[in-house]
Amino acid sequence: MTRENMTDEASSPADGGDPTTDEMLVETSPTAGVSESDSGTAGGSRTLVEARNVNVWYDDDQALNDISLEIPENRVTAMIGPSGCGKSTFLRCINRMNDLIDAARVEGDLFLRNKNVYDDDVDPVALRRRVGMVFQKPNPFPKSIYDNVAYGLEIQDKEGDYDEIVERSLKRAALWDEVEDQLDESGLELSGGQQQRLCIARAIAPDPEVLLMDEPASALDPVATSKIEDLISELAEEYTVVIVTHNMQQAARISDKTAVFLTGGELVEFGDTQKIFENPDSQRVEDYITGKFG
Ligand SMILES: Nc1ncnc2c1ncn2[C@@H]1O[C@H](COP(=O)(O)OP(=O)(O)OP(=O)(O)O)[C@@H](O)[C@H]1O
Ligand SMILES: [Mg+2]
């Protein structure tokens with residue numbers, strides 16, 4: 001397997017990464033530079049990702065308008081809102097995928113463990129090792145199930161017992177029992193729901209801290225969706241999950257925090273999921289959630 005023949009949009013930035021800067025990134029100490037009291041907490045969990053006054057433009061069109069929010073560690077944070085309100089754009093700010101879009105311009109601060117990921121000394125390739133991503137449409141490579149999962153490790157020159165890591169990742173992605181006897185078969189022969197769990201296994205194989213999921217179940221049937229939802233809740237024990245969904249019930253079921261974006265790239269309300277769905281502060285949010293618009 002070579003890097004050149006890989007086409008995963010999430011991992012393409014790893015190509016050609018400068019080895020000297022690949023090794024750099026943001027501090028790895030979880031407590032680097034902060035005390036418990038000033039790191040922020042949410043529902044008993046410390047803040048892992050913080051956006052401060054983030055604005056994004058595509059050429060002259062503003063897609064995100066002054067977004068500030070704190071994403072708690074080891075929790076599920078949902079992003080909801082009508083089409084075009086900037087949810088995917090916001091996700092891509094966290095792992096700097098917007099860097100890959102020529103028209104995109106990001107302003108403001110985005111902290112991962114208190115280190116601004118937009119600082120000059122941060123290498124986006126190294127950042128993406130710590131912030132994995134899963135997309136709406138399952139996108140396994142035309143390779144074996146094993147190689148699909150091992151890919152994330154190889155692209156990152158990660159050392160270790162690949163057999164063990166592949167097995168562990170497939171187990172964490174709740175797929176192992178279904179594929180353990182067919183690891184050499186193509187990932188493309190799996191069902192849509194299995195393919196998405198394979199992509200989740202691939203994303204978590206390098207052991208990231210944050211898992212970004214952009215509508216990961218929207219192309220799946222209800223049974224497969226339910227499996228993914230169960231899985232997301234389990235993943236939050238080890239990872240910080242940020243999920244975009246158009247499915248309000250899904251957001252209500254699986255998330256601890258919910259961010260409601262509305263037209264104009266505005267974050268209208270952010271808070272505990274139960275409060276957002278039962279008693280939001282904003283009338284616009286209530287109207288959106290009850291289906292009066294959007
Ligand atoms: N690559 C791009 N180039 C130019 N404009 C873009 C690009 N990506 C997104 N936009 C614009 O930015 C705005 C926000 O788009 P974004 O995809 O973030 O919305 P979204 O909330 O994820 O929508 P959806 O729910 O349909 O996925 C939209 O107006 C969109 O047209
Ligand atoms: Mg989107």
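By class, the residues that form the shell around ligand 1 are five nonpolar, six polar and one charged. The structure is a predicted model, and helix α2, which spans residues 87-94, supplies the largest share of that shell, namely three residues.

**Surroundings of ligand 1**
- The residues that surround ligand 1 include the run G81, S83, G84, C85, G86, K87, S88 and T89.
- Y58, A63, I101 and A103 also belong to the residues around ligand 1.

**Helix α2**
- Eight of the eight residues of α2 are buried, so this helix is largely enclosed by the rest of the structure.
- Just after α2, the backbone at R96 takes a positive phi of about 60°.

**Packing of helices α4 and α5**
- Helix α4 (residues 145-154) packs with helix α5 (residues 162-172) at an angle of about 110°, and their axes lie 9 Å apart.
- Because angles of 65 to 115 degrees count as roughly perpendicular, α4 is described as roughly perpendicular to α5.
- On the α4 side the contact involves Y146, V149, A150 and L153, which meet Y162, I165, V166, S169 and L170 in α5.
- By class, this contact of α4 with α5 has eight nonpolar residues, one polar residue and no charged residues.

Key:
Residues are numbered from 1 along each chain as its sequence is written. Chains are lettered from A and ligands numbered from 1 in the order in which they are written. This is a predicted model: local features need pLDDT of at least 70, side-chain atom pairs count only at pLDDT 80 or more; totals for chains, interfaces and linings use all residues. A residue is near a molecule or strand if its C-beta atom, placed from the backbone, lies within 6 Å of it. Helices (H or I, at least four residues) and strands (E, at least two) are DSSP runs, numbered from the N terminus. Ala, Val, Leu, Ile, Met, Phe, Trp, Tyr, Cys and Pro count as nonpolar, Asp, Glu, Lys and Arg as charged, and the others, Gly among them, as polar. Axes are lines fitted to C-alpha atoms, for helices over the stretch in contact, and angles run from 0 to 180 degrees between N-to-C directions. Angles under 35 degrees count as roughly parallel, over 145 as roughly antiparallel, 65 to 115 as roughly perpendicular and the rest as oblique. Two residues are in contact if their C-beta atoms, placed from the backbone, lie within 7 Å. A residue is buried if 20 or more other C-beta atoms lie within 10 Å of its own, exposed if 12 or fewer, and partly exposed in between; C-beta atoms are placed from the backbone.
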